[in-house]
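Subject: Structure handover and notes

Dear colleague,

Please find below the structure that I promised to pass on to you.

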Amino acid sequence: MIPSNRTLISIEEFQKYNNSNPHPITSVHGVIVDSYRKVGFNTYPVCVMTITKKRGIDWIGGHVEDCDNSPFDTLIREAYEEAHLDITNGELKWIIQIDNSTDKDALNKDYPEIGYQLFYLVKPQQFSYLPAHNCQLADDVLGRTLVIQPELKNLFNGPLIILIC
């Protein structure tokens with residue numbers, strides 16, 4: 001079931017909304033494709049995901065920080081912190097608009113009434129794995145894992161999964 005406060009919108013809609021009435025980008029995530037695997041007659045992407053203490057297996061990404069110059073900088077920083085990845089390029093592919101106007105818990109945590117989650121597609125040639133000894137994972141991250149596309153439906157529901165799967 002898709003959460004009722006989340007709507008997948010086009011990049012054009014996002015630009016139109018943000019030009020007329022800017023709303024904050026609350027988080028930036030990467031659909032980071034490690035490789036492709038053939039299963040039967042179909043070929044599926046295999047995504048790099050994080051294993052977190054609170055949410056289990058999750059997309060790489062997180063909140064925009066003051067030190068980030070752009071949403072893509074957020075993804076670069078989060079991928080480094082959460083999964084020891086060095087991302088060099090990616091394409092903004094999906095945007096989810098979140099309406100928190102009736103969610104008192106979200107508003108009490110200083111989330112905006114209307115916010116956006118940006119999702120970038122990062123292909124295999126657009127990132128590399130860093131040696132684990134070069135950096136320490138973020139506090140809430142236990143490690144990274146690979147998940148093949150059909151398994152994503154078992155882990156998540158929502159507007160993005162409908163597009164990817």
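Where is the place of His84? His84 sits in the loop between α2 and β6 (85-87), where helices (H or I, at least four residues) and strands (E, at least two) are DSSP runs, numbered from the N terminus. Although His84 is not a glycine, its phi is positive, at about 55 degrees. His84 has a relative accessible area of 6% and therefore counts as buried, the terms being buried for under 20% relative accessible area, exposed for over 50%, and partly exposed in between (1.4 Å probe, protein chains only).

Before the rest, two remarks on how to read these notes. This is a predicted model, in which local features need pLDDT of at least 70 and side-chain atom pairs count only at pLDDT 80 or more, while totals for chains, interfaces and linings use all residues. Residues are numbered from 1 along each chain as its sequence is written, and side-chain values use heavy atoms, with hydrogens and water left out.

As for the overall picture, the protein chain has five helices and 10 strands, and 42% of its 165 residues are buried. Of the contacts in the chain with a separation of 6 or more, 70% are between residues 24 or more positions apart, a contact meaning heavy atoms within 4.5 Å. The chain exposes about 9500 Å², of which carbon and sulfur atoms supply 49%; accessible areas come from the Shrake-Rupley method with a 1.4 Å probe, and for residues only the protein chains shown count as cover.

Strand β8 (residues 114-122) is mostly covered, with nine of its nine residues buried. On one side lie Ile114, Tyr116, Leu118, Tyr120 and Val122, on the other Gly115, Gln117, Phe119 and Leu121, and both faces are covered. β8 is joined to strand β2 (residues 25-39) by seven bridges, the two running parallel, and to strand β7 (residues 91-99) by eight bridges, those two running antiparallel; strands pair if DSSP finds at least two bridges between them. Within these pairings, Val122 in β8 has Ile32 opposite it, and Tyr116 in β8 has Gln97 opposite it.

His29, which belongs to strand β2, is buried, with a relative accessible area of 12%. Leaving aside neighbours within four places in sequence, the contacts of His29 include Gln117, Leu118, Phe119 and Tyr120, as well as Trp59 and Leu75.

Beyond the end of β7, Ser101 lies in the loop between β7 and α3 (104-108), and it counts as partly exposed because its relative accessibility is 33%. Ser101 and Ile114 are 13 residues apart in sequence, and their C-alpha atoms are 7.1 Å apart in space. Not counting residues up to four places away in sequence, Ser101 touches Leu107 and Glu113. The side chain of Ser101 also makes a polar contact with the side chain of Asp99 (2.6 Å); such a contact is a pair of N or O atoms within 3.5 Å, where, within protein, one must be able to donate a hydrogen and the other to accept it, and residues adjacent in sequence count only if both atoms are side-chain atoms.

Turning to charged side chains, a search of the whole structure finds four salt bridges, each being a side-chain nitrogen of Lys or Arg within 4 Å of a carboxyl oxygen of Asp or Glu. Arg77 forms one with Asp68, where the closest N and O atoms are 2.9 Å apart, and another with Glu78 (3.1 Å, N to O); Asp68 and Arg77 are both buried, as is Glu78. Arg77 also meets Glu81 in a salt bridge (3.4 Å, N to O). These two residues are four apart in helix α2 (residues 71-83), so Arg77 and Glu81 are separated by about one helical turn. Through shared partners, the salt bridges join Asp68, Arg77, Glu78 and Glu81 into one network. Arg77 is buried at a relative accessible area of 16%, whereas Glu81, at 28%, counts as partly exposed.

Finally, on cysteines, the structure holds zero disulfides, a disulfide being a pair of cysteine sulfur atoms within 2.5 Å. Cys47 is buried, with a relative accessible area of 1%, while Cys67, at 56%, counts as exposed.

With best wishes
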